[in-house]
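Dear colleague,

Please find the structure below, together with a short account of what was found in it.

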Amino acid sequence: MTHTPAQPRLRFPSVDRLASHAQSLDLIDRFGRTALVDAIRAELTSRRLLAQSADASLEPPPSDETVILSAVAARLDEAFQPSLRAVLNLTGTVLHTNLGRAPLPQEALDAIVATAAGASNLEFDLERGVRGDRDDHVEALLCKATGAQAATVVNNNAAALLLVLNALAFRREVPVSRGELIEIGGSFRLPEIMARAGCRLIEVGTTNRTHLHDFTEAMGSKTALVMKVHASNFKVQGFTASVPEAALAQACHERDIPFVSDLGAGSLIDLTRFGLPAEPTPAQAIAQGADLVTFSGDKLLGGPQVGIIVGKADLIAKIKRNPLKRALRIDKMSMAALEAVLRLYLNPDKLAERLPVLRLLTRPAQEIRAMAERVRPQMALCLEACADVHCIDCLSEIGSGSQPTEQLPSAGLVIVPRAARGRGGLLLRLQAALRALPVPVIGRIEKDGLVLDFRCLEDEHQLLAQFDQLRNFS
Ligand SMILES: *Cc1c(COP(=O)(O)O)cnc(C)c1O
């Protein structure tokens with residue numbers, strides 16, 4: 001059946017008429033005429049479809065121009081929303097790889113703003129007026145923090161490993177303990193990285209036990225380096241043995257073979273002074289005889305995504321001459337942020353206050369609990385139609401593979417749907433509603449509830465201000 005034009009509810013204003021409406025001027029200014037016309041067309045199409053399918057007894061969809069243009073404005077706002085956005089990480093995992101790992105300190109943001117908008121001395125020696133080296137901005141700071149002779153920086157720790165292996169072990173052998181042939185996540189597996197770097201992996205020992213003689217038997221004229229990989233994201237317990245780093249380093253040095261330690265998280269300072277689990281530092285690895293140490297900038301160091309290589313000057317020089325270094329180098333924004341973060345380490349007494357990662361990891365559970373108790377009543381009110389909201393004690397994790405078996409006492413809220421039937425579906429819809437907020441809120445489903453761990457929530461108002469939008473959730 002076709003509708004006759006006599007039915008007034010199917011008549012909508014024309015695209016031209018809407019686009020030249022006074023209300024459209026601001027939209028043209030903000031989004032451009034092309035985007036406006038596209039959005040008007042899309043809005044009219046959806047309104048026409050709705051009108052045609054609408055039950056005759058229902059209200060006709062409004063065809064008022066200002067109403068349509070308001071809907072068009074909402075469409076444009078949505079379409080122009082950036083893809084990469086801030087979210088509230090209430091997962092309880094502080095260094096969440098999918099949520100961008102370390103939050104940066106203000107000092108790092110200021111440094112990015114101060115240098116990224118215009119020209120900078122990224123690779124220019126201001127004293128001598130000649131070409132400089134971008135690593136110069138951080139090398140001295142890294143050497144001071146680790147006791148190394150030299151340092152260089154690349155895109156991330158995976159890149160650091162690839163570069164070290166390619167520069168020092170191309171077409172040669174690298175013995176690694178079978179207990180350390182790790183997968184970090186995604187497609188990052190040590191044996192595959194080795195193959196791509198062009199070196200031959202020599203597996204030594206067994207999954208649970210590797211001895212010094214396993215290594216020494218594997219060392220020969222084809223050995224390029226020996227690598228120790230910090231078992232960052234898992235723990236082997238029970239009947240285990242691994243070779244102490246100092247002993248392995250000594251065995252390497254007796255044979256003139258470089259000893260490389262991949263630390264992963266590598267906090268620059270001993271975290272036990274903040275009551276956190278001990279994590280090997282690059283300084284300790286160097287002191288125990290590592291000739292090179294690789295670690296991430298955005299794990300416990302609390303900085304931007306970079307991979308840091310520190311160690312012997314001759315080895316670093318060789319690495320820097322490798323053509324892959326150019327392909328893997330970091331950009332000016334990461335460099336600005338890294339330098340600022342490293343400067344914070346010059347004053348360790350203030351570090352827990354200034355470095356967000358440390359501030360979040362050291363937040364006392366009772367402070368987090370008090371915040372959850374303040375937030376709970378309003379959250380409960382918004383969800384009163386469908387769920388109960390309780391304060392809970394929970395456990396946070398450091399994340400990014402650091403100390404996977406150590407958990408930090410924390411607190412937060414759990415949202416529990418009241419109806420037992422359809423609870424799973426409601427939880428998923430609630431999770432989606434939280435993700436759809438202007439600043440998406442990311443929690444985790446645990447048993448029958450949606451858990452929001454407040455460890456990483458520093459500004460409760462940012463959460464509360466959005467709650468009203470959940471008021472009609474059911
Ligand atoms: C995380 C990690 C890597 C990879 O570092 P990215 O910075 O994620 O590239 C490599 N090795 C170890 C031991 C790690 O923990």
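Which residue is the bridge partner of I415 in strand 18? The partner is L450.

The model is predicted: local features need pLDDT of at least 70 and side-chain atom pairs pLDDT 80 or more, whereas totals for chains, interfaces and linings use all residues. Residues are numbered from 1 along each chain as its sequence is written, and side-chain values use heavy atoms, without hydrogens and water.

The sheet. Helices (H or I, at least four residues) and strands (E, at least two) are DSSP runs, numbered from the N terminus. Five strands, here 5 strands in the order 2-14-15-18-17, form an open sheet with mixed pairing; two strands pair if DSSP finds at least two bridges between them. Strand 2 (93-95) and strand 17 (444-446) are the edge strands, each pairing on one side only. From one strand to the next, the twist averages 40°. Strand 15 (residues 408-417) and strand 18 (residues 449-453) run antiparallel and are joined by 4 bridges. Helix 17 (residues 365-382) packs on the sheet, where it touches strand 14 (387-399), strand 15 and strand 18; contact means heavy atoms within 4.5 Å. The direction of helix 17 makes about 15° with that of strand 15, with axes fitted to C-alpha atoms (for helices over the stretch in contact) and angles running from 0 to 180 degrees between N-to-C directions.
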